[in-house]
Amino acid sequence: MAKSVKYNLFNSKLTAVISVSLVLVLLGITTMVLLMSKNLTDHVRENFIFKLTLKENISQKAIDAVGDSLRTKQYIKEVNYVSKEQAVKIFAEQLGEDPMESLDVNPLPNTYEVSLKAAQLATDSLKKIEKELIGFKEITDVDYPHDLVEAFSRNVRAVSAVFLLLAAVLLVISFALINNTIRLLIYSDRFLIQTMKQVGATRSFIRKPYMKKGLVIGLAASVLAIVVIVLLLFCMGDLSSDISLFIDLHNTSLYFVTFGVILASGIIITELSTYLAVNKYLKQSINSLYLI
């Protein structure tokens with residue numbers, strides 16, 4: 001009989017661990033999707049090119065000084081100098097013929113092509129940056145795709161709001177599912193809880209073993225969920241060339257954040273659910289337990 005009870009207890013714990021881990025896997029995948037969407041939007045943002053046109057007839061020393069100054073700016077990610085000779089070659093490759101065959105003077109200016117860090121591509125920040133760049137006496141014009149940047153920023157804000165809403169809904173659903181799993185696990189001990197309460201055991205004393213059990217379940221479910229996520233990422237390794245734009249499998253922060261969310265969610269939700277479930281039966285009278 002004792003073996004049967006022990007087996008049933010182990011079986012119920014195993015079921016709880018598997019149930020909680022499945023919810024945590026879904027939560028982990030959602031976290032990864034949010035991180036991937038952020039990486040993708042940052043990648044697109046940082047590929048917007050800002051063309052800075054330099055004045056005619058300034059010395060190479062002055063041009064180099066502008067480049068050195070641009071590289072010190074915290075909001076600039078990359079700086080590339082394009083001379084008028086290089087610009088002609090690029091134009092010729094795009095056009096399919098050399099325009100200098102029919103021109104005596106190269107009409108193209110010397111330019112700097114810069115890309116900004118993703119965090120700086122807000123509308124207000126861009127206006128300040130544009131004003132600062134045009135303040136260089138050697139720069140005559142700052143050109144970038146205004147409409148495209150603004151449209152992209154609007155779309156990113158809208159999509160981000162939808163993703164965050166879905167994440168919040170999923171977190172609520174995850175809590176509800178895990179909470180129900182823990183409550184069912186403790187349900188079988190409701191009379192034992194009342195018995196300990198009747199003999200004078202304090203609430204903290206009664207809760208302590210269940211909180212430990214909840215912690216073990218949360219940790220075990222989190223580890224199992226992390227193992228499943230790792231296996232999924234390992235399977236995705238064969239497709240790394242196809243998904244490199246969306247996810248960098250060598251990005252350690254992706255793993256730390258995802259696994260951290262899984263571990264924290266698993267422990268916090270199971271501990272909170274255990275606390276609420278035990279308190280529920282502590283507050284009820286022994287007669288009301290028969291009606292549950």
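Rings of Phe, Tyr and Trp, the last by its six-membered ring, count as a pair if their centres lie within 6.5 Å. Keep that cut-off in mind for one of the stops below. The model on screen is predicted.

**Stop 1: the whole chain**

Colour by secondary structure. The chain has nine helices and four strands. Trace the chain along the sequence and the pattern reads α-β-α-β-α-β-α-β-α-α-α-α-α.

Now colour by accessibility. Of the 292 residues in the chain, 35% are buried. Take the contacts with a separation of 6 or more: 82% of them join residues 24 or more positions apart.

**Stop 2: the aromatic pairs**

The structure holds three aromatic pairs. Select Y81 and Y112 for one of them. Their ring centres are 5.2 Å apart and their planes meet at 50°, so the pair is tilted.

Check the accessibility of each partner. Y112 is buried, at a relative accessible area of 2%. Y81 is partly exposed, at 25%.

**Stop 3: the largest nonpolar core**

Select L24, I178, I186, I193, I217 and I229. Of the 32 residues in the largest nonpolar core, these six touch the most other members. Helix 1 (2-45), helix 5, helix 6 (190-198), helix 7 and helix 9 (252-283) each supply at least two residues of this core. Helix 1 has the largest share, with nine residues. In soluble globular proteins, nonpolar side chains tend to be buried together.

Centre on L24. What does L24 touch, once residues up to four places away in sequence are set aside? The list is I178, A221, S222, A225, I262, S265 and G266.

**Stop 4: the cavity**

Rolling a probe the size of a water molecule over the atoms shows where empty space is left. Here the count comes to one cavity of 30 Å³ or more. The volume of the largest cavity is about 30 Å³.

Select I182, L185, I186, Y210, K213, G214, I217 and T274 to show the lining of the largest cavity. Helix 5 (146-187) and helix 7 (203-236) are the elements that give two or more residues to this lining. Helix 7 gives the most, with four residues. By class, the lining has five nonpolar, two polar and one charged residues.

Now pick T274 in helix 9. Is T274 buried or exposed? T274 is buried, with a relative accessible area of 1%. Beyond its neighbours within four places in sequence, T274 is in contact with I182, I186, Y210, M211 and G214.

**Stop 5**

Move to the loop between helix 1 and strand 1 (50-54), where N47 lies. I49 is found in this loop too.

N47 is partly exposed, at 49% relative accessibility. Draw a C-alpha to C-alpha distance from N47 to K117: 9.3 Å in space, for a pair 70 residues apart in sequence.

I49 also counts as partly exposed, at 40%. Which residues is I49 in contact with, leaving aside its neighbours within four places in sequence? They are E113, V114, D143, Y144 and P145.

**Stop 6: a positive phi**

Finish on N57, in the loop between strand 1 and helix 2 (60-71). Check its backbone. Most residues other than glycine have a negative phi. N57 is not a glycine, yet its phi is positive, at about 60°. At 79% relative accessibility, N57 counts as exposed, since the cut-off for exposed is over 50%.

Conventions. Residues numbered from 1 in each chain as written. Predicted model: local features only at pLDDT ≥ 70, side-chain atom pairs only at ≥ 80, totals over all residues. Heavy atoms only, no water. 1 Å grid on protein atoms, 1.4 Å probe; cavity = no way out; pocket = protein on both sides within 12 Å on 5 of 7 lines; lining within 4 Å. Points joined across faces, edges and corners; volume = space filled by probe spheres on them. Nonpolar A, V, L, I, M, F, W, Y, C, P; charged D, E, K, R; others polar. Core = buried A, V, L, I, M, F, W, Y, C linked by side-chain atoms within 4.5 Å. Buried < 20%, exposed > 50% of the residue type's maximum accessible area, 1.4 Å probe, protein only. Contact = heavy atoms within 4.5 Å. Phe/Tyr/Trp six-rings, centres within 6.5 Å; stacked < 30°, edge-to-face > 60°.
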